[in-house]
Amino acid sequence: MKHLRTFLLATVATALPGIALAQTAWDMPTPYPEGNFHEKNIATFVAEVNEAAGDAVAITPHYNQSLIKHPDIKSSVRDGIVPIGELLVSRLENENAIFGADSVPFLATSYEDARKLYDVQKPLMEKVLAAEGLKLLFSVPWPPQGLYTKDSVDSVEALSGRSFRAYNTSTEAIANAAGMVPTQIEASDIATAFSTGRVAAMMTSPSTGVDSQAWDFLSYYYPLNAWLPRNMVIVNQAAFDALSAEAQTAITEAAAEAETRGWAASEEETKRTTALLAENGITVAEPSEALTSGFQEIGVTLTESWKTSAGEDGAALVEAYQQ
């Protein structure tokens with residue numbers, strides 16, 4: 001990491017205090033493969049910025065954790081190792097509970113509700129990010145989360161004792177509440193984790209199921225619509241401020257377009273990837289009443305737990321969302 005930092009500070013556009021370089025080339029790490037719908041949206045965002053900004057700034061995306069691992073992207077942007085990056089919002093819940101609002105199970109279970117939740121969560125996120133010298137550019141949801149298993153299940157109790165893929169605080173809490181064993185697995189490692197028996201079930205989007213070719217190691221998908229977690233793109237505020245007004249405008253306008261485009265693309269992605277799961281042999285089954293109600297009960301408990309962990313801001317957020 002030390003050598004990476006030295007190299008990138010010499011070549012990318014961070015323009016942090018004490019770095020007297022006319023930095024215009026920005027490297028942008030992302031966690032997911034290039035064909036993923038989030039990354040297609042990122043590619044369009046980057047192309048629009050590069051075209052509109054002229055010689056002021058040029059962004060190069062680096063997909064699938066190829067430059068910086070997902071857990072390190074936020075700190076790398078904050079510390080000036082790279083000026084811009086994409087990450088899953090709820091990865092930061094351990095740092096501040098407000099980042100976990102979009103991943104509270106069964107709090108927001110539709111695109112309309114997810115948008116309403118984002119509207120009340122966004123200013124709180126911006127406040128926390130700003131305190132670390134970071135600026136939120138845009139945020140786009142994944143398709144609704146569903147349950148993947150090797151065998152058919154008809155209740156939460158049937159999952160007890162199984163190893164479960166976790167990727168944030170909420171998925172760990174779900175696993176514990178359902179009597180499963182949470183195991184931290186990044187999206188890029190899903191296929192290996194299932195093939196080697198490290199995990200036996202997961203809750204994720206149909207998009208991630210397609211990306212990981214879940215039909216090679218799983219048989220069932222239950223569209224629970226449990227929550228719609230979001231990715232976000234953040235930028236180092238000092239690096240952004242060091243750009244010309246033209247470049248800043250190019251970035252903020254392209255970010256607004258990316259957010260609008262990304263939300264629409266996510267809805268289309270839900271339909272497309274759910275169909276692809278079925279076409280490739282996954283049984284897409286409506287969850288039983290017992291399975292749905294069991295997870296909903298867990299959701300009520302976890303919502304209250306999240307409100308407690310998030311304090312006054314969390315309570316105010318839920319109240320504003322539920323109005």
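Good morning. The lining residues of the second largest cavity divide into five nonpolar, four polar and one charged. Here Ala, Val, Leu, Ile, Met, Phe, Trp, Tyr, Cys and Pro count as nonpolar, Asp, Glu, Lys and Arg as charged, and the others, Gly among them, as polar.

The model is predicted, so local features need pLDDT of at least 70 and side-chain atom pairs count only at pLDDT 80 or more, while totals for chains, interfaces and linings use all residues. Residues are numbered from 1 along each chain as its sequence is written, and side-chain values use heavy atoms, leaving out hydrogens and water.

A cavity is a set of points, on a 1 Å grid over the protein atoms alone, where a 1.4 Å probe fits but cannot get out; lining residues have an atom within 4 Å of a point. Grid points are joined across faces, edges and corners, and a volume is the space filled by probe spheres set on the points.

Which residues line the second largest cavity? They are His38, Asn41, Ile42, Glu86, Phe138, Ser139, Val140, Asn231, Met232 and Val233. The volume of this second largest cavity is about 50 Å³.

Searching the whole structure gives two cavities of 30 Å³ or more. The largest cavity holds about 130 Å³ of space. Its lining comprises 14 residues, with Tyr32, Leu88, Trp142, Arg165 and Tyr167 nearest the centre. By class, the lining of the largest cavity has six nonpolar, five polar and three charged residues.

Rolling a probe the size of a water molecule over the atoms shows where empty space is left. Thank you.

Conventions: On a 1 Å grid over the protein atoms alone, a cavity is a set of points where a 1.4 Å probe fits but cannot get out, and a pocket is an open set with protein on both sides within 12 Å along at least five of seven lines; lining residues have an atom within 4 Å of a point.
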